[in-house]
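The structure is shown first.

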Amino acid sequence: MIESLLVANRGEIARRIIRTAKRLGIRVIAVHSEADADLPFVAEADEAVLIGPPNPALSYRNTEAILAAATSTGAQAIHPGYGFLSENAEFARTVEASGLIWVGPDADAITAMGDKINARNLMAAAGVPVAPGTTDPAADLDAAVTAAAEIGYPVMVKAAAGGGGMGMGVAVDEAALRAEYDKVRAFAERMFGDGSVLIERYFPRVRHVEVQILGLADGRVVALGERECSVQRRNQKLVEESPSPAVSPELRSRLLAAAVRAGEAVGYRNAGTVECLFDPATGEFFFLEMNTRLQVEHPVTEYVYGIDLVEEQLRVASGLAPTFDPDALTPSGHAIEMRINAEDPKRFLPGPGVIRTWVEPTGAGVRVDSGYTEGNTVTPFYDSLLAKLIISGATRDEVLDRAKAAVAAFQIEGPKNNVPFFTELLENEEFRSGAYDTGIVSRMR
């Protein structure tokens, strides 16, 4: 097993990784910006290194500073968490070229799946269903208009190098396409340094379902069930649950088999997620993208399968067998995760500030993975995620009842937060029935 680990991230995911690593007896090094010096993850690590000012480009995306911290502290491995450098193939290559262990998939897999068009084409060749769309970037607006006419409106205009729900727009006709194409292209160039755009069929009433995969040290790829991720704002997830209330045993079998094929097609190792769109009207599902990292919502899978995914990541990176029998994976129960963000509960606009009160709920089936505590300052420099409230139980109904009590008990004063939204959601009949789709939040608003 790895003996010393540098966590190249911050907030709740840094704390999450630190918790498992310390349980395994691994020495943990945290890196942090000036803005994060007082956050819990810094104090909980065995050693902490200041790597730069608040600007992420000068700290958490500063590869030279992170590698220098690894060298000065004698770290043996680097875990990138999610976001920041987690899907940066060049950084992964540099880490390994420096003689360090990269706790994630190899750089070639990151590269292969990082470009949405390339990923779509790879998946189609592997027999994974993909939605109707372009097989090459739409080089200009005329090409986009031609492609959309062939695919049929409405269409999704997507940044080929995008991710995390960013760089996407919907066009219902040619006039809308002309506006969205320029907007998405400009955004993609600014955010990702790549203005390539793809055109894909848009499904107005669709569910977002993903499969957790794990590429083992012996070369096998296993699927650890699916997660429902259809409660979203601005194409970004707010709630995830496992198993999905929309997935039948027959569909689950097809979904998991397709996800395994996707991982095998790129020789995948470590944790990753195959994201799909599911059309309840036809029973069809289509490959959306593959996230080559640990997902924010991984805890719901941990509960349903009774494993620690961070431990499994560390074991794969160490060349060790998993703690479970890959041939006897048996899910049990239900789990839901709610993302507690520093944003108002109506328009979901960021609301940083000093946390004056922070009281986490407790009780059976209640887990809180938090990045902050009372007295901390939520700054405007990073993602608005404050904590993840994860509820587990024997049935979905039991989980929903526990979730209502836990949300009512979660007290946060200071920064704006979306806890009231979850109170509203848990009373919503569409959500409680399980028959919801990606439009549920907009219908609530």
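## Cavity

By class, five nonpolar, six polar and one charged residues make up the lining of the largest cavity. This is a predicted model. The lining residues are His79, Pro80, Gly81, Ser86, Trp102, Val103, Gly104, Pro105, Thr292, Arg293, Leu294 and Gln313.

The volume of the largest cavity is about 40 Å³. With a threshold of 30 Å³ or more, the count is one cavity.

## Helix 3 and helix 4

Helix 3 spans residues 63-73 and helix 4 spans residues 89-97. The two pack with their axes 11 Å apart, at an angle of about 25°. Angles under 35 degrees count as roughly parallel, and helix 3 and helix 4 are therefore roughly parallel to each other. The crossing of helix 3 past helix 4 is right-handed.

On the helix 3 side, the contact involves Thr63, Ile66 and Leu67. Their counterparts in helix 4 are Phe91, Thr94 and Val95. By class, this contact of helix 3 with helix 4 comprises four nonpolar and two polar residues, with no charged residues.

## Helix 7 and helix 8

Helix 7 covers residues 141-151, and helix 8 covers residues 174-192. Their axes come within 10 Å and cross at roughly 140°. Helix 7 and helix 8 are therefore oblique to each other. Their crossing is right-handed.

Helix 7 contributes Leu141, Ala144, Val145 and Ala148 to the contact, and helix 8 contributes Glu174, Leu177, Arg178 and Tyr181. By class, the contact of helix 7 with helix 8 has six nonpolar and two charged residues, and no polar residues.

## Backbone geometry

Most residues other than glycine have a negative phi, and most peptide bonds are trans. Which peptide bond has omega near 0°? The bond from Tyr153 to Pro154 does, and it is cis. Pro154 lies in the loop between helix 7 and strand 6, the latter at 155-159.

Ser242 and Pro243 are also joined by a cis peptide bond, with omega about -5°. Pro243 sits in the loop that runs between strand 11 (236-242) and helix 9 (249-265).

Arg234 is not a glycine, yet its phi is positive, at about 55°. Arg234 is located in the loop between strand 10 (221-233) and strand 11.

Definitions and conventions:
Residues numbered from 1 in each chain as written. Predicted model: local features only at pLDDT ≥ 70, side-chain atom pairs only at ≥ 80, totals over all residues. Heavy atoms only, no water. Axes fitted to C-alpha atoms, helices over the stretch in contact; angles between N-to-C directions. Helix = DSSP H or I, 4+ residues; strand = E, 2+ residues; numbered from the N terminus. Parallel < 35°, antiparallel > 145°, perpendicular 65-115°, else oblique. Left-handed = near helix turned anticlockwise from the far one by under 90°. Contact = heavy atoms within 4.5 Å. Nonpolar A, V, L, I, M, F, W, Y, C, P; charged D, E, K, R; others polar. 1 Å grid on protein atoms, 1.4 Å probe; cavity = no way out; pocket = protein on both sides within 12 Å on 5 of 7 lines; lining within 4 Å. Points joined across faces, edges and corners; volume = space filled by probe spheres on them.
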